[in-house]
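Take a look at the structure below.

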Amino acid sequence: MNTLDQIKNAIRHAMKSEFYKRHFEGINVDDIKSMSDFIKLPFTDKEDLRLAYPFGLQAVPDEEIIRIHSSSGTTGIPVIIPYTKKDVDDWAVMFKRCYETAGCTNLDRIHITPGYGLWTAGIGFQAGAELLGALAIPMGPGNTDKQIKMMIDLKSTVICATSSYALLLAEEIEKRGVRGSIHLKKGVIGSERWGEKMRKRIAGELGVELYDIYGLTEIYGPGIGINCQYQSAMHMWTDYMYCEIIDPKTGKLVPDGETGELVITTLHKEGAPLIRYRTHDLTKIVPGKCECGLDYPRIATLIGRSDDMVKVRGAIIYPSRVDELLATIDGVSSEYQIMIDHLNGKDILTLFFETKLEMGDAAHGLEKTVEQEFKKIIGLTPKAKAVGMGELPRSEKKSTRVFDNRY
Ligand code: ZN
């Protein structure tokens, strides 16, 4: 079946849900005769899904639903995603493929630190590991002492974590001087935007190869794409989904190789199919064939969220550009935070960064360097503030770098 026919089948199925009956009202699937007709369909956004609370997305009878997951939101109304047996199985198949792409086998011992529960993370890592036939160690988050003890005693070979939790574990292992007792070979890290410097620190301190795994609760969960040993980009399992990259402002498709927002249409999802779902993740299609030989198309490591892009005094700031900028300055660690405030009629950007330097003249000099480089690359002068190593918060969930207090 060609892609257009698969998409049309997915739309027909989606329109069995209350949500898509309403969202696509007046649309006749038989009128979609080409991909250019398809891209005229309205997008689906997370805000729309909240209107479907609790079961408005469900496209199959109740007896076929075996589980739900949920993603939280800032507005307080969660999004509920119902799964059928086939959805759960398909997700595990994709996740197993991720582990295999990372070179994991049934001899690996997979240490899973993402949370279990309504959130899709932990259980997805678990199902994929079990289908692979590896040994799953379902730790969940927190209790760093126990994490490290189990990692040593059980000889865990693969660590699954968010990048900020992997960094915290790496720092604790270093601090305790137990690096020699750790058997980790690979890290499978929930993809969020993270800079080269942080990646190098985690890889170096844990002594592992790192793999970025991609996913979101609305589309199965983590495991819908991962990078291979060539590291450059993430292969997406496009036999299960159709991917588009759009300009987040205009909604128009951008050419391969250009940065925009990833939009996903599920091709086989039964419980809660999604059509043209806006992920708000900024990335690009990496053209050409990967050296590893896999035919699945690749997207670049995420450079941020379309809703994280902030504008301050006319300058557009992507957190990933700040990562890159700080990586070029000696003495500045990979951890930083940006605060934007509105004071006396003016927007003020304060950049906190960690450094090993003593607070005092040396740190003060480094603050000046950061301010000058920031001005040169981003186009506005921040107020830079040095803090000691470990002073900025680490989190077990995705880390937030930018706090916009203006509104
Ligand atoms: Zn590859």
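## A parallel pairing

This model is predicted. Strand β20 covers residues 383-388 and joins strand β19 through 6 bridges. The strands β19 and β20 run parallel.

## An antiparallel pairing

Strand β19 also pairs with β18, which spans residues 332-343. Here the sense is antiparallel, and the pairing extends over 9 bridges. Across this pairing, Gln337 stands opposite Phe352 of β19.

The strands β18 and β19 form a hairpin with 2 residues between them. Asn344 in this hairpin has a positive phi near 50 degrees.

## Two helices in contact

Packed helices are described by two values: the angle between their axes and the distance between the axes. Take helix α8, residues 163-176, and helix α9, residues 196-206. Their axes come within 9 Å and cross at roughly 40 degrees. That angle makes α8 oblique to α9. The crossing is left-handed.

Which residues make the contact? From α8 come Ser163, Ser164, Ala166, Leu167, Ala170, Glu171, Ile173 and Glu174. From α9 come Met198, Arg201, Ile202, Glu205 and Leu206. By type, the contact of α8 with α9 holds 7 nonpolar, 2 polar and 4 charged residues.

Notes
Residues are numbered from 1 along each chain as its sequence is written. This is a predicted model: local features need pLDDT of at least 70, side-chain atom pairs count only at pLDDT 80 or more; totals for chains, interfaces and linings use all residues. Side-chain values use heavy atoms; hydrogens and water are left out. Axes are lines fitted to C-alpha atoms, for helices over the stretch in contact, and angles run from 0 to 180 degrees between N-to-C directions. Helices (H or I, at least four residues) and strands (E, at least two) are DSSP runs, numbered from the N terminus. Angles under 35 degrees count as roughly parallel, over 145 as roughly antiparallel, 65 to 115 as roughly perpendicular and the rest as oblique. A crossing is left-handed if the near helix is turned anticlockwise from the far one by less than a right angle, and right-handed if clockwise. Contact means heavy atoms within 4.5 Å. Ala, Val, Leu, Ile, Met, Phe, Trp, Tyr, Cys and Pro count as nonpolar, Asp, Glu, Lys and Arg as charged, and the others, Gly among them, as polar. Two strands pair if DSSP finds at least two bridges between them.
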